[in-house]
Amino acid sequence: MSASDRPRPPSVERVLAVARRAAGDRDPDAVLAVAREVVDGERARLASGGAPRDVAALGAATVATLEAFDGSVGAGRVPDAGPTRVINATGVIIHTNLGRAAWPRAASEAARRAAEGSILLELDRATGRRGVRYRAAEDHLVALTGAEDALVVTNNAAAVALAVGLTGRGGGVAVSRGELVEIGGGVRIPEILRRAGVRLVEVGTTNRTRVADFEAALADPKARIRIVLRVHPSNFVQAGFVESPDLAALAEVTHRHGAIVIDDLGSGALLPTERVGLAHEPTPRERLAAGADLVTFSGDKLVGGPQAGLIVGRHDPIARLRKDPLARAMRPDKTILAAVAATLALYRAGRAMTEIPVWRMLATPVDDLRRRSEALLVTLSEGSAEGIELESTVGGGSVPGETLPSRGVALGAAAGRAATDLLARLRAGDPCVIARIERDRVVIDLRTVPPEDDAALAGAVACALARRPADDR
Ligand SMILES: *Cc1c(COP(=O)(O)O)cnc(C)c1O
């Protein structure tokens, strides 16, 4: 077919005339822009051989697109302007690719209130003058860790980059060769240091670094070491012939040479991980007590709140960080500050284990998960699905190598291709379900699914199973 006898879409003016009738009090320019997109889309469809649609259909498509943008189509639907609703059925509690920690309700409420109105961000209530920046989150950190002061920045990578800047011009940062790690997403500690403009002094070996190695570097006047940086090897474990220095001994030597210790904990648990049956994850309080001058950790790993970089430690270095012009570029906005404060307040209220989703998921008894997996199997009434025992992981660079017993369901018969197809159909569904493959079968791990999502999960799984292609049966 030549271009001249190919069917042409109706004009934008005609589509617009239909759409405007149903578009309500929307801005006419916005309606016009969407009508143009719909007509352009129709032209492309016709060019690839699609059947022509009439003016009424294209007008309705225009209105449907407009309604999807503001969420006014269907009651309670998440607007297209927002992110797709996702159920994390991977069993990885702090899943970096799924946005890490789900916030506690108190945090999202606090963020919403701050977002929709004004807060006393930098205004002193008593004097009415400009005051110190809103520091409820920082006051909670001081109370929770025993630190002299605290500072909240946008994320922990920023916290580390900011903190190592305390070396000043020409100063060196000593790091054990066993801790020059890649955090994830290709982000590497040596590169963060280089970009922060500080000189890295490598100490010790990959598997063994002693206090004496640091002492030799600190005593070398040419190295001009101002900071000893410890980095939690978040996402891997070293075993066998390994040694790393005791923090208290290292801090003592470091201070004797006029330098400070910065301890990048990554996850930084504020509750003992032993309580949920996991190995010990270092806490900021114990690291400060052992002599670290500054401890940095994430807001959205084991703390279980919004993305933020939490810095706790001694008065003097924190005061210097607060004054650093770079700190301005790493400043969280009012909603994050409010949400971090609300999250930390739950720890002080003694409600973290029950109110913070990360801790609730960690603490869920396996019997609860078994009951829920049995209920899911009943609603699926699918012959090939069966309940199975699983191992969940914490993720987010926390307690590496540790797992928690979990329960879930395995879907479909064992088959490589069919399993990846089913995984894709689960991702394409509504809500989008992210599962994983284990021994060639798709598995749904219930530890990371909030119980209130069980019904939505069951619906999405049933849908994905029903839509299996014919050659898949
Ligand atoms: C995760 C992690 C970081 C980065 O923290 P973000 O909050 O993702 O910026 C830095 N250091 C360690 C050891 C980590 O585990």
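The model is predicted, so local features need pLDDT of at least 70 and side-chain atom pairs count only at pLDDT 80 or more, while totals for chains, interfaces and linings use all residues. Residues are numbered from 1 along each chain as its sequence is written, and side-chain values use heavy atoms, with hydrogens and water left out.

**Overall chain**

- The secondary structure comes to 18 helices and 16 strands, where helices (H or I, at least four residues) and strands (E, at least two) are DSSP runs numbered from the N terminus.
- The C-alpha trace spans about 85 × 60 × 50 Å along its principal axes, and buried residues make up 47% of the 473 residues in the chain; buried means under 20% relative accessible area, exposed over 50% and partly exposed in between, with a 1.4 Å probe and protein chains only.

**Ligand site**

- The residues around the ligand, each with a heavy atom within 4 Å of the molecule, are R100, N155, N156, A157, I183, V231, H232, S234, D264, G266, S298 and K301.
- By class this shell has three nonpolar, six polar and three charged residues; Ala, Val, Leu, Ile, Met, Phe, Trp, Tyr, Cys and Pro count as nonpolar, Asp, Glu, Lys and Arg as charged, and the others, Gly among them, as polar.
- At least two residues of the shell are supplied by each of α6 (156-164) and β9 (260-266).
- An oxygen atom of the ligand is 2.6 Å from an N or O atom in the side chain of R100, a polar side-chain atom of K301 lies 2.8 Å from a ligand oxygen atom, and a polar backbone atom of A157 is 2.8 Å from an oxygen atom of the ligand.
- Of the 380 Å² of accessible area that the ligand has on its own, the protein covers 93%, with areas taken from the Shrake-Rupley method and a 1.4 Å probe.
- H232, in the loop between β8 (225-231) and α9 (247-256), is buried at 14% relative accessible area, and its side chain makes a polar contact of 3.4 Å with that of E281; such a contact is a pair of N or O atoms within 3.5 Å, and within protein one must be able to donate a hydrogen and the other to accept it, while residues adjacent in sequence count only if both atoms are side-chain atoms.

**Largest pocket**

- About 970 Å³ of space lies in the largest pocket, the volume being the space filled by probe spheres set on grid points that are joined across faces, edges and corners.
- On a 1 Å grid over the protein atoms alone, a pocket is an open set of points where a 1.4 Å probe fits, with protein on both sides within 12 Å along at least five of seven lines, and lining residues have an atom within 4 Å of a point.
- The lining has 34 residues, of which A102, P357, M361, P450 and D453 lie nearest the centre, and α15 gives the largest share, four residues.
- By class, the lining has 17 nonpolar, seven polar and 10 charged residues.

**Backbone features**

- Most residues other than glycine have a negative phi, and most peptide bonds are trans.
- A cis peptide bond, with omega about 0°, joins D430 and P431.
- R439 has a positive phi of about 40° and is exposed at 73% relative accessibility.
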